Amino acid sequence: MSATPRLLATETEDDLRAAVRSLLTAGRVPGRVLSRAESGTPYDRELWKTLTASMGLAGLLVPEADGGQGASHREAAVVVEELGRAVAPVPYLTGAVVTPAALLALPDRSAEASALLTEVAAGTTVAVLALPLTTASGDPLPEVTSADGALHGSVRSVADAAGADVLLVAADCGLYAVPAGAPGVTVTPLTALDLTRPLAAVHLDGVRGTLLAPAADALAAVRAGLLAGAGLLASEQLGLAEWCLTETVRHLKDRHQFNRPLGSFQALKHRLAQLWLDVAGVRPAATAAADRLATGEGGPAEAELAVAVAQVYASPVAVRAAEEALQLHGGIGMTWEHPVHLYLKRAKGDTVAYGGAGRHGEVVARLAELPAP
């Protein structure tokens, strides 16, 4: 029988959490998100440089031998949680979780794949999987074909493609690394609900890339990357839900009506108490998913089940926390200048990312009846 996941944070994880939160708080990241969105830049390059070059966070999943930090999904989940708390507009989940997880899952990693992994770990190259953000680990992949080594096809709703340096393309004959600026590559930004995670359509017309893995290895590697993305997405949803709860409680304590704090009214107390219970339940689910991905205990089925459970629970809770925050902030929450709408849009966008709660609910139904190993 597999061991119970470790649900308590280690001292190292607490220190990492404090460091990342301090950086994001000092940088007033939520306040910078709107100005970045209005400027049209794909992500906050200054923040990305600090996270990667100064703190080395892009290489948490990458072994030290490949230029990374040699940490695990648990430490990466801490970073993703804090970035979610700040709705930070950086390609961390796509470029520092999904991509490394996919490259590390290649059974016979080529020299080209190892070199790309080192660049990703250093943060000098942003590489993202050229797949729709909605793709789950068990979904069929878009039809990108290869004819005489040239790639042809189109993929829509690729997260963070507009700011990527390299696109990882899953074609019919293998996994390719394609420079985003190569001849024949067209990346067209799309209008997305979530201003902090830009989407783009990628069109490949006779593009030549570097083959990283044959088709037999590529599919399993891509699915490993998508599973890691779905698992750590729950930590992002935890971070944004906790921010919404904390800021709503603070607002209702400070705001007065009829000469008393809004938070003293019993109806609002009940709403916040229920929301606290819901949000508190996300942490063990998200931590269990990260722990199963990190340790591999129980095998692939246990990891897939833990990820699915986390997504089924975290996704609706994050949306509800953001909706409650918006409503309970009253007219202030309806303004463009207040950041609460950024959290609601991120929460809504996350509901369809990497399969969404509905697809993961099907996984839970399929795997929950598995016999104990």
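Predicted model: local features only at pLDDT ≥ 70, side-chain atom pairs only at ≥ 80, totals over all residues.

Q: Ok, how many helices and strands in the protein chain?
A: Eleven helices and ten strands. They are DSSP runs numbered from the N terminus: helices are H or I with at least four residues, strands are E with at least two.

Q: And what radius of gyration does the chain have?
A: The protein chain has 21 Å, which agrees with the value near 21 Å for a compact globule of 373 residues. The radius is taken over C-alpha atoms, and the globule rule is 2.2 Å times the number of residues to the power 0.38. Along its principal axes, the C-alpha trace spans about 75 × 55 × 35 Å.

Q: What share of the residues is buried?
A: 54% of the 373. Buried means under 20% relative accessible area, exposed over 50%, and partly exposed in between, with a 1.4 Å probe and protein chains only.

Q: What about the surface and the charges?
A: The accessible surface is about 15600 Å², and carbon and sulfur atoms hold 56% of it. That's Shrake-Rupley with a 1.4 Å probe, where for residues only the protein chains shown count as cover. As for charges, there are 29 positive and 39 negative side chains, and the centres of the two sets lie 9 Å apart. Lys and Arg count as positive, Asp and Glu as negative, with His and the chain ends not counted. Each charge is placed at NZ of Lys, CZ of Arg, CG of Asp or CD of Glu.

Q: Switching to helices: is α5 mostly covered or mostly open?
A: Mostly covered, with twelve of its 13 residues buried. Among them are Tyr92, Pro100 and Leu103. α5 covers residues 92-104 and reaches 17 Å from its first C-alpha to its last, close to the 18 Å expected. The expected span is 1.5 Å times one less than the number of residues.

Q: How far apart are the end C-alpha atoms of α8?
A: They're 44 Å apart, which agrees with the 44 Å that its 30 residues (266-295) should span. After α8 comes glycine 296, with a positive phi near 75 degrees.

Q: Any positive phi in residues other than glycine?A: In the loop between β9 (256-257) and β10 (260-261) sits phenylalanine 258, with a positive phi of about 55 degrees. Asparagine 259 is found in that loop too, and its phi is near 65 degrees. For background, most residues other than glycine have a negative phi.

Q: Are phenylalanine 258 and asparagine 259 buried or exposed?
A: Phenylalanine 258 is exposed, with a relative accessible area of 69%. Asparagine 259 is exposed as well, at 77%.

Q: Back to leucine 106, what does it touch?
A: Leaving aside neighbours within four places in sequence, leucine 106 is in contact with Ala113, Leu212, Ala213, Asp217 and Ala221. Leucine 106 lies in the loop between α5 and α6 (111-122) and is buried, with a relative accessible area of 5%.

Q: Last one, where is threonine 188?
A: In strand β6, residues 185-190. Threonine 188 counts as partly exposed at 38% relative accessibility, and it touches Ala200 and Ala201, not counting residues up to four places away in sequence.

Key. Residues numbered from 1 in each chain as written. Heavy atoms only, no water. Contact = heavy atoms within 4.5 Å.
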